[in-house]
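The entries follow the order in which I looked them up.

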Number of protein chains: 2
Amino acid sequence: MTGKLIGVGLGPGDPDLMTLKAARAIGAAQVIAYPALPGTASFARSIAADLIAPGVHEIVIEVPMTKSRDPAQAAYDLGAERVAEALEAGQDVAVLCEGDPFFYGSFMYLYARLADRFETEVIPGITSVSAASAAIGQPLVARNDTLAVLPGPMDSDEMARRIDAAQAVAILKVGRHLARIREVLDTRGLTAQARYIERATLAEERILPLSEAPDPAPYFSMILVAKGSDPWL
Amino acid sequence: MTGKLIGVGLGPGDPDLMTLKAARAIGAAQVIAYPALPGTASFARSIAADLIAPGVHEIVIEVPMTKSRDPAQAAYDLGAERVAEALEAGQDVAVLCEGDPFFYGSFMYLYARLADRFETEVIPGITSVSAASAAIGQPLVARNDTLAVLPGPMDSDEMARRIDAAQAVAILKVGRHLARIREVLDTRGLTAQARYIERATLAEERILPLSEAPDPAPYFSMILVAKGSDPWL
């Protein structure tokens with residue numbers, strides 16, 4: 001009997017925003033695995049820390065942030081091998097994943113390598129988009145609104161077209177693209193309706209009008225635009 | 001001292017997919033409020049049922065599903081008045097909301113009527129999109145993918161343009177629009193990559209290839225399309 005691979009969505013950062021199912025899976029796991037930047041504490045592990053039983057076997061997957069994808073892929077190859085060993089030995093492995101595993105989540109890299117060989121379960125998590133929307137107190141989509149989720153690095157013209165088409169827009173991975181994104185929104189007269197959110201639900205959470213957002217922004221930042229074109233009252 | 005208005009996201013239906021924070025808020029509330037179709041049991045209440053303390057005051061907001069918006073708006077006017085009375089009396093009110101309150105959630109109608117007068121908190125929930133993606137075992141977005149969330153009633157030509165532009169697409173509120181949506185996806189050769197999901201995470205969950213989806217589909221159904229244009233390995 002091989003073990004079960006469980007991708008556990010941890011939500012945006014506040015441990016209370018884990019689901020009951022995620023909390024139970026972490027508490028019951030014989031082995032936990034999680035990514036970390038080399039030489040730093042794992043953000044995923046910090047969210048789940050209070051639930052990890054003492055003495056549980058921990059597999060740390062050190063994933064370097066480099067321009068080339070190769071070093072990260074090699075790290076996931078190695079991590080997947082170590083997770084596979086535990087699964088082969090009949091142990092269940094809970095893989096800790098910030099946010100939602102299938103919404104830009106790191107778990108996907110293990111899923112791609114292991115799901116065809118082992119029983120797998122994915123526990124969804126609160127996305128950063130839901131968390132940010134709650135944090136700013138601004139409804140995101142209602143009725144027949146459409147939502148566009150866009151990555152910051154996207155080409156400006158393409159971004160502009162998607163923004164024009166949707167009623168609500170979430171721009172993720174803002175980072176060093178902030179000034180360019182702000183220009184796109186300025187041009188369309190949307191700056192006043194755009195909010196900048198950094199590390200939603202954590203103690204370091206920052207919410208700013210887009211005009212006051214730091215440039216460059218950190219990687220874990222987001223811009224939300226609600227155009228309110230659909231009156232929902 | 002007036003009470004606090006709390007919009008509680010309950011997630012897609014499996015009670016284990018409530019967050020720890022939501023479970024705590026429901027257990028601690030002096031008053032709970034929730035919508036229900038007239039004459040039927042509330043779906044929101046059924047998700048939270050095991051956490052509702054005996055003797056808690058319950059405000060049922062009976063919301064008719066009609067073509068005109070007016071009867072539903074009148075129901076929310078009345079519901080908001082009753083919630084406001086409890087808040088004025090110093091009681092905290094937890095408003096139960098399926099999914100995520102600010103992602104097509106019913107809580108928004110109370111939020112619009114009460115948030116400017118009372119202290120308000122929103123607890124985000126797992127969206128149906130995250131739940132469906134986990135249920136079908138198909139990663140939704142990775143790296144610099146874009147996601148389009150579209151309502152089923154949307155015009156076919158506009159829907160086609162949004163589908164062409166995004167790497168992943170979630171079409172909600174499919175209902176009687178199923179045949180038309182299927183035609184849009186067929187035309188673009190995307191039927192094989194599209195999955196139909198009904199009532200994700202509930203006992204009645206159904207997952208089907210789009211070609212086998214029921215027509216008309218129930219209101220709580222979704223089509224997910226992952227085009228996989230961005231190789232994430």
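The entries below concern a predicted model.

**Helix packing, chain B.** I looked up how α3(B), residues 70-88, meets α4(B), residues 107-114. Their axes come within 9 Å and cross at roughly 60°. Since angles of 65 to 115 degrees count as roughly perpendicular, α3(B) and α4(B) are therefore oblique to each other. I noted the crossing of α3(B) and α4(B) as right-handed. On the α3(B) side I listed Gln73(B), Tyr76(B), Asp77(B), Gly79(B), Ala80(B), Val83(B) and Ala84(B) as making the contact. From α4(B), the contact is made by Tyr109(B), Leu110(B), Arg113(B) and Leu114(B). By class, I found seven nonpolar, two polar and two charged residues in this contact.

**Cis peptide bonds.** Most peptide bonds are trans. I found a cis bond from Asp215(A) to Pro216(A), with omega near 0°. Pro216(A) sits in the loop between β9 (206-209) and β10 (221-226) of chain A. I placed Pro216(B) in the loop between β9 (206-209) and β10 (221-226) of chain B.

**Positive phi, chain A.** Most residues other than glycine have a negative phi. I recorded a positive phi near 60° for Tyr104(A), which lies in the loop between β4 (93-97) and α4 (107-114) of chain A. Is Tyr104(A) buried or exposed? Its relative accessible area is 18%, so Tyr104(A) is buried. Arg199(A) also has a positive phi, near 50°. I located Arg199(A) in the loop between β8 (194-198) and β9 of chain A. With a relative accessible area of 31%, Arg199(A) is partly exposed.

Note on methods. Residues numbered from 1 in each chain as written. Chains lettered and ligands numbered in written order. Predicted model: local features only at pLDDT ≥ 70, side-chain atom pairs only at ≥ 80, totals over all residues. Heavy atoms only, no water. Axes fitted to C-alpha atoms, helices over the stretch in contact; angles between N-to-C directions. Helix = DSSP H or I, 4+ residues; strand = E, 2+ residues; numbered from the N terminus. Parallel < 35°, antiparallel > 145°, perpendicular 65-115°, else oblique. Left-handed = near helix turned anticlockwise from the far one by under 90°. Contact = heavy atoms within 4.5 Å. Nonpolar A, V, L, I, M, F, W, Y, C, P; charged D, E, K, R; others polar. Buried < 20%, exposed > 50% of the residue type's maximum accessible area, 1.4 Å probe, protein only.
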